[in-house]
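This briefing is intended to be read alongside the sequence and the 3D structure. Please keep both in view while working through the points below.

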Amino acid sequence: MPSPRSSRERRAGSSSSGRPEFLSLVSQRSTGSPDSPSRRKESGSSAAAPMPEEDCMKLNPSFVAIALSSLLAIDLWASKRLGVCAGEGSAWGSARPLMKVIEISGHGIPWLLGTFYGLCQSDSSAAREVLLNLLFALLLDLMMVAVVKGIVKRPRPTHNKMDMFVTISVDKYSFPSGHATRAALVCRFVLRHLVLAVPLRVLMVLWVLIVSISRVMLGRHNMTDVLFGLLLGYVLYSVVEYCWLSPLSVPALFALWSH
Ligand SMILES: CC(C)=CCC/C(C)=C/CC/C(C)=C/COP(=O)(O)O
């Protein structure tokens with residue numbers, strides 16, 4: 001199929017965004033722009049007219065683009081170096097089974113099943129309310145991560161071995177880390193709604209850190225996937241808090257679970 005770019009764009013070497021990447025002298029002459037040498041000759045001017053400042057600026061990639069691509073390059077490089085459990089033969093390959101246990105501790109299935117089971121067993125209305133909201137939080141998290149992964153479509157690091165416990169189709173993508181998102185969301189939820197002793201609260205925060213670090217060590221993710229995942233999970237908790245389900249807001253839902 002012919003490219004939708006116009007022939008003039010192609011001759012001028014502009015990108016699909018319409019931004020000139022190369023400006024050939026020939027193309028300038030043939031397009032007969034007011035600044036082209038042939039035009040200048042025609043108008044009788046012998047001095048070389050300077051290029052408009054706007055055109056010179058367009059030839060340079062923006063500072064933001066350079067900063068972003070440098071950050072991504074550093075991310076890829078550092079994540080590869082930190083992927084010390086990516087395979088059995090890796091530097092810390094012997095720690096891989098432990099990393100995989102940590103991986104399962106942050107997986108969606110145990111959290112969904114555990115919450116559902118708790119909900120069925122709960123005998124107080126307060127417990128039911130908290131567990132129903134946790135279930136809602138976990139489902140919202142799965143949906144949001146799937147949407148972002150489907151939009152961004154960032155492939156997993158090349159050194160990752162795709163041997164993960166139950167995945168869905170979008171899990172072939174890595175941005176953001178579903179485990180990091182869930183860990184941050186669940187941690188905020190638990191710290192806010194469960195009455196826990198201080199050592200258990202500290203353990204909860206440590207679990208988030210360990211799950212997050214293990215994603216990079218296993219080679220599942222780049223660091224930016226995990227950092228964004230943590231941020232997304234943190235923000236998602238605020239959404240859950242905002243939409244908090246209660247017997248007053250959704251009585252029909254609570255009627256389902258009352259014995
Ligand atoms: C109800 C329902 C659709 C359950 C699906 C549970 C499931 C298979 C979740 C996938 C969890 C997973 C493997 C996430 C990927 O985590 P990353 O940290 O590797 O992004």
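This is a predicted model: local features need pLDDT of at least 70, side-chain atom pairs count only at pLDDT 80 or more; totals for chains, interfaces and linings use all residues.

How many of the 16 residues of helix 9 are buried? The answer is 12, so that this helix is mostly covered.

**The chain as a whole**

- The chain is built from 12 helices and has zero strands.
- Of its 259 residues, 24% count as buried.
- Taking contacts between residues at least 6 apart in sequence, 65% join residues that are at least 24 apart.
- The UniProt record, an unreviewed entry, places the feature "domain: Phosphatidic acid phosphatase type 2/haloperoxidase" at residues 130–241.

**Helix 9**

- The end C-alpha atoms of helix 9 are 22 Å apart, which agrees with the 22 Å that its 16 residues should span at 1.5 Å a residue.
- The buried residues of helix 9 include Gly178, His179, Arg182, Arg188 and Phe189.
- The cover over the buried residues of helix 9 includes helix 6 (96–105), helix 7, helix 8, helix 10 (198–217) and helix 11 (223–242).

**Helix 7**

- Helix 7 comprises residues 108–121, which makes 14 residues. From its first C-alpha to its last it reaches 20 Å, close to the 20 Å expected at 1.5 Å a residue.
- Gly108, Trp111 and Thr115 are the buried residues named in helix 7. They lie on the same side of helix 7, because they cover an arc of only 75° around the axis.
- This pattern follows a general rule: an α-helix has 3.6 residues a turn, so residues three or four places apart point the same way.
- The other side of helix 7 carries the exposed residues Ile109, Pro110, Leu113, Tyr117, Cys120 and Gln121.
- Helix 8 (125–152) and helix 9 (178–193) are among the elements that cover the buried residues of helix 7.

**Leu135 in helix 8**

- Leu135 is located in helix 8. Leu135 is partly exposed, because 17 other C-beta atoms lie within 10 Å.
- Beyond residues up to four places away in sequence, Leu135 touches Thr115, Phe116 and Leu119.
- Leu135 and Val152 are 17 residues apart in sequence, and their C-alpha atoms are 26 Å apart in space.

**The loop between helix 8 and helix 9**

- Lys153 lies in the loop between helix 8 and helix 9. Lys153 has a positive phi of about 55°, although it is not a glycine.
- Lys153 counts as exposed, because it has 12 C-beta neighbours inside 10 Å.
- Pro176 also belongs to the loop between helix 8 and helix 9. The peptide bond from Phe175 to Pro176 is cis, with omega near 0°.

**The surroundings of the ligand**

- The ligand is surrounded by 14 residues, of which the closest are Gly108, Thr167, Ser177, Gly178 and His179.
- Helix 7 and helix 9 are the elements that give two or more residues to this shell.
- The shell divides into five nonpolar, six polar and three charged residues.

Technical notes:
Residues are numbered from 1 along each chain as its sequence is written. Helices (H or I, at least four residues) and strands (E, at least two) are DSSP runs, numbered from the N terminus. The expected span of a helix is 1.5 Å times one less than its number of residues. A residue is buried if 20 or more other C-beta atoms lie within 10 Å of its own, exposed if 12 or fewer, and partly exposed in between; C-beta atoms are placed from the backbone. The arc is that of the directions from the helix axis to the C-beta atoms. Two residues are in contact if their C-beta atoms, placed from the backbone, lie within 7 Å. UniProt positions are given in the numbering used here, feature names are shortened, and annotations may be inferred rather than shown by experiment. A residue is near a molecule or strand if its C-beta atom, placed from the backbone, lies within 6 Å of it. Ala, Val, Leu, Ile, Met, Phe, Trp, Tyr, Cys and Pro count as nonpolar, Asp, Glu, Lys and Arg as charged, and the others, Gly among them, as polar.
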